[in-house]
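Open the model in your viewer and keep the selection tool at hand. The stops below are meant to be taken in order.

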Amino acid sequence: MRIRRLRKPMRNQRGIAILIALFAMTLMTFVTMEVSYDTSVDYIVASQQVNRIRAYYAAKSGVELSLLRIMLYKQAVVAFGDALGANKSMLDPIWSFPFMWPPTLMENMTEMDKGNISSVTKDSFMTAQYSATIQPEGGRIDINDLGSNIKTLKTAMIQQVVKIFKSELEHNEDFARKYRGYNFEQLVNNIADYIDEDKQSLNGGDESTPYRDFNEPGLEMPPNRALRTLDELHMVAGMTDDFYNVLAPKVTVVGTKGVNVNFANRETLLALDPTMTEEAVDKAIERRSDPKKGGPFQNDQDFFNFLNSYGVDVKAIQESKVPLLYDVEFNFRIISTGISGNVKREITAVTYDYPNLAARYGEMLTKQEQDEGLIPPPNPGGTGGSSDDKNKKDDKAKKIKAVKGRPTVVSWEEN
């Protein structure tokens, strides 16, 4: 009888080893990909941070260079303004033209100029780019004059801001369709109540009445102080985004106690009076920019005669008593944009010329006191001296004061 031999079960584990190896490789691949992804993210974040810093300091470089240009401009006005007389605008290019780095190579440049620019750019340590523009701030209406202690200025500015909305009704059909018949005098009075120091509303009653539902601990509304930023207008009772968008291009919180006709933007000139036409404004801007067509306006008579020739009724502008200015610019808005990689940073800075503006404000206060009989009016033919002496004193008082050092920055915004 043949006895079969029983086979022992196989103990070959090669299949299991292969599975474990595959699993280990998969795990290592996953870990490698995860680490690689995290590293890439960290690298991108770090690169963006570096680009943000580069873009910021590039924008800041544009601001600092612009401040230098403003300082040089004012020094040039003091040094050469009297000699240039009515041609002071010849100095405006010191601040008015935009500047960028690296400079753009123009087609009409000579090869030598292109070579010099390329050489300077190559040797520069700055790897980012920036562009900087300087805008005249005096071409806008100072919204804080709604709370001025000078009664004539306050009254004139209230009327002028109302005219801004009436002008928008005349020139913007969509705005007129929505707000025809709206009481803009009440809204402007609310802005004045927000700024002025008293507690009595120009609309009647207590100034705080429209803010009864404004529940903010430790915050008194209205604050009865000057606006610090234009965005603060949103806090005024009755203010909407539509109304803010109408005001924002035409007003400022650091003005020059009047509107500088030779630097006012198109929107501000249109808002001087509803009778202002787009044709008259365009022609005025064209004339003040071209010496061959007359150049900058010299005084009220020059400006009003020009507007009359285009059918504008200047009587309303004259009666409003809004101070119209024609001299050199005092305040400036610097907008500098820095770019590094795909990151952009923007800095907006506003300068304020206290010495020259204080002199102008003092003249306005003196005139108000004379009108109210608090002080005697000037007497050119009396014991105070001859009219020639008085004219010399007036010319000396109106002379632009030299401002030493860095221009005073009163507003700095970073985006």
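**Before you start**

This is a predicted model, in which local features need pLDDT of at least 70 and side-chain atom pairs count only at pLDDT 80 or more, while totals for chains, interfaces and linings use all residues. Residues are numbered from 1 along each chain as its sequence is written, and side-chain values use heavy atoms, with hydrogens and water left out.

**The whole chain**

Colour the chain by secondary structure: there are 13 helices and nine strands. Helices (H or I, at least four residues) and strands (E, at least two) are DSSP runs, numbered from the N terminus. Of the 415 residues of the chain, 37% count as buried. Buried means under 20% relative accessible area, exposed over 50%, and partly exposed in between, with a 1.4 Å probe and protein chains only. Contact here means heavy atoms within 4.5 Å. Among the contacts in the chain with a separation of 6 or more, 70% are between residues 24 or more positions apart.

**The cores**

Select Leu146, Phe165 and Leu233, which are the residues with the most contacts inside the largest nonpolar core, a set of 65 residues. A nonpolar core is a set of buried Ala, Val, Leu, Ile, Met, Phe, Trp, Tyr and Cys residues joined through side-chain atoms within 4.5 Å. Now show the helices that each supply at least two residues of this core: α4 (151–171), α5 (173–179), α6 (184–195), α7 (241–247), α8 (266–270), α9 and α10. The most comes from α4, which gives nine residues.

Stay on Phe165 and display what surrounds it. Not counting residues up to four places away in sequence, phenylalanine 165 touches Phe175, Phe184, Leu187, Val188, Phe243, Val246 and Leu247. Next, move to a second, separate core of 17 residues, which includes Ile70, Val77, Val328 and Ile347. In soluble globular proteins, nonpolar side chains tend to be buried together.

**Two helix pairs**

Show α4 with α6. Their axes come within 9 Å and cross at roughly 140°. Axes are lines fitted to C-alpha atoms, for helices over the stretch in contact, and angles run from 0 to 180 degrees between N-to-C directions. α4 is therefore oblique to α6; angles under 35 degrees count as roughly parallel, over 145 as roughly antiparallel, 65 to 115 as roughly perpendicular and the rest as oblique.

Ala, Val, Leu, Ile, Met, Phe, Trp, Tyr, Cys and Pro count as nonpolar, Asp, Glu, Lys and Arg as charged, and the others, Gly among them, as polar.

Then select 278–288 (α9) and 300–308 (α10), which pack at an angle of about 135° with their axes 10 Å apart. This pair is oblique too, and its crossing is right-handed. Ala280, Lys283, Ala284 and Arg287 of α9 meet Asp302, Phe306 and Leu307 of α10. The contact of α9 with α10 has four nonpolar, no polar and three charged residues.

**Backbone details**

Most residues other than glycine have a negative phi, and most peptide bonds are trans. Select Trp101 and Pro102: a cis peptide bond joins them, with omega about -5°. Pro102 sits in the loop between β1 (99–101) and α3 (111–123). A cis peptide bond also joins Met221 and Pro222, with omega about -5°, and Pro222 is in the loop between α6 and α7.

Asn224 lies in the loop between α6 and α7. Asparagine 224 has a positive phi of about 55° although it is not a glycine, and is buried at 12% relative accessible area.

**Last stop**

Ser336 and Ile347 are 11 residues apart in sequence and 5.4 Å apart in space, C-alpha to C-alpha.

Technical notes: A crossing is left-handed if the near helix is turned anticlockwise from the far one by less than a right angle, and right-handed if clockwise.
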